[in-house]
Amino acid sequence: MKSAVVPVFLAALLAGSRVAAAPAVEVRFVSPDRYSDASPFSRTIDAQARDAVLADLRQQLQLLGAKFLGADDRLTIDVLDVDLAGEIRLSREGEEKRVLDERLPPIQLRYTLDRDGTTVSREERVTELGY
């Protein structure tokens with residue numbers, strides 16, 4: 001498994017492709033209730049907050065696909081795990097707050113790219129090195 005900057009990872013993956021009018025990027029969240037840390041505000045599972053984080057992640061991945069995929073390309077991304085930056089700690093007032101630290105926030109992905117009759121599938125651990 002590799003670590004990479006998300007935009008650089010996808011740019012390298014999709015290098016040489018033309019800008020597409022309507023690329024197909026399917027993002028699927030596999031067992032999101034079992035993710036390491038996808039709820040931004042609580043140590044307990046907050047499904048509504050987690051779903052908002054995952055919706056934003058889906059949108060970002062689709063935007064990157066629109067930038068780098070060709071019109072006939074098909075990319076399926078299975079998000080296997082999300083671990084947001086920092087950790088939840090209790091404040092002096094007893095409130096849960098996310099405290100950012102030096103740890104790089106990873107996302108575990110499995111993807112399949114169909115391009116020009118060729119299919120490539122891989123699993124990667126992706127991190128934002130610029131965090």
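**Asp73 and its surroundings**

Analyst: The side chain of Asp73 forms a polar contact with the side chain of Arg115, at 3.0 Å. This is a predicted model, where local features need pLDDT of at least 70, side-chain atom pairs count only at pLDDT 80 or more, and totals for chains, interfaces and linings use all residues. Residues are numbered from 1 along each chain as its sequence is written, and side-chain values use heavy atoms, leaving out hydrogens and water.

User: What makes the Asp73 and Arg115 pair a polar contact?

Analyst: A polar contact is a pair of N or O atoms within 3.5 Å; within protein, one must be able to donate a hydrogen and the other to accept it, and residues adjacent in sequence count only if both atoms are side-chain atoms. Asp73 and Arg115 are at 3.0 Å. The side chain of Asp73 also reaches the backbone nitrogen of Gly70, at 2.7 Å.

User: Why is Asp73 called buried?

Analyst: Buried means under 20% relative accessible area (1.4 Å probe, protein chains only). Asp73 has 0% relative accessibility, so Asp73 counts as buried. Asp73 sits in the loop between α2 (47-68) and β2 (74-82).

User: Why does Leu69 count as buried?

Analyst: Leu69 has a relative accessible area of 0%, so Leu69 is buried. Leu69 also lies in the loop between α2 and β2.

User: Which elements does the protein chain have, from the N terminus on?

Analyst: The order is α-β-α-β-β-β-β-β. Helices (H or I, at least four residues) and strands (E, at least two) are DSSP runs, numbered from the N terminus.

Methods:
Buried < 20%, exposed > 50% of the residue type's maximum accessible area, 1.4 Å probe, protein only.
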